[in-house]
Amino acid sequence: MIAETVCSAVSAAGLGIAVVTAYRKRFLAAARLAAYSLVPVGLVMTGVVGWLADTALSPTAWAGFGVLGAAWLLFAGTRAVERRRGGAGREAAGRAEQDAVAPAASAPSLGGAPRPAARPTAGPRAGAPRTADSGEDFSDIEAILKKHGI
């Protein structure tokens, strides 16, 4: 009963301020204030305020909040431990990736296929400047690709 009275008083005061704001030709601000001031009355009329008042004074509700807090702590704790260990999910993903390849799969699907013979490169184009290390331009790139098994 007290909560409903307080909400009604807050709404009435907010509507009064909205009227004064509209009188000062600030209609957008007045409409926004009126919207905010109608929220407490709407909450009272829908029963939310009564439900909150009953919940705040109920030991069963507080015990329920305690259980929810304990569940959250368990979730957060297990996630922290999992991240600290490096994640059991990563190990399972690695095993699943290994198991995903069929035993009789061809060598190219395993990624360890021998590289095809390099195509002969054409001579330098006419007008292109020749450099002393033109054959070694891609040696660094090839080394990186070989390192990654590509």
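**Exercise 1. Which residues of helix 1 are buried?**

*Solution.* The structure is a predicted model, in which local features need pLDDT of at least 70 and side-chain atom pairs count only at pLDDT 80 or more, while totals for chains, interfaces and linings use all residues. Residues are numbered from 1 along each chain as its sequence is written, and side-chain values use heavy atoms, with hydrogens and water left out.

Step 1. Helices (H or I, at least four residues) are DSSP runs, numbered from the N terminus. Buried means under 20% relative accessible area, exposed means over 50%, and partly exposed lies in between (1.4 Å probe, protein chains only).

Step 2. Apply them. The buried residues of helix 1 are Cys 7, Ser 11, Gly 14, Ala 18 and Thr 21. They cover an arc of only 80 degrees around the axis, so they lie on the same side of helix 1; the arc is taken from the directions from the helix axis to the C-beta atoms.

Step 3. Identify the partners. The buried residues of helix 1 pack against helix 2 and helix 3, where contact means heavy atoms within 4.5 Å.

Step 4. Turn to the other face. Ile 2, Thr 5, Val 19 and Tyr 23 are exposed residues on the face of helix 1 turned away from its buried side.

**Exercise 2. Which residues form the nonpolar patch on the surface?**

*Solution.* Step 1. Like charges are joined within 9 Å, and nonpolar side chains (Val, Leu, Ile, Met, Phe, Trp, Tyr) within 5 Å.

Step 1. The members are Val 39, Leu 43, Val 48, Trp 51 and Leu 52, with about 460 Å² of accessible area together. Accessible areas come from the Shrake-Rupley method with a 1.4 Å probe; for residues, only the protein chains shown count as cover.

Step 2. Helix 2 (27-46) and helix 3 (48-56) each supply at least two residues of the patch, and helix 3 gives the most, with 3 residues. Leu 52 lies in helix 3 and counts as partly exposed because its relative accessibility is 47%.

**Exercise 3. How many salt bridges does a search of the whole structure find, and where do the partners lie?**

*Solution.* Step 1. Side chains of opposite charge can pair when their charged atoms come close. The search finds 1 salt bridge.

Step 1. Glu 82 forms a salt bridge with Arg 79, the closest N and O atoms being 2.8 Å apart. Both residues lie in helix 4 (residues 59-85), 3 residues apart, about one turn of the helix.

Step 2. Glu 82 is partly exposed, with a relative accessible area of 32%, and Arg 79 is partly exposed at 41%.

Note on methods
Patch = residues over 30% accessible without salt bridge, like charges linked within 9 Å, V, L, I, M, F, W, Y side chains within 5 Å. Salt bridge = Lys/Arg side-chain N within 4 Å of Asp/Glu carboxyl O.
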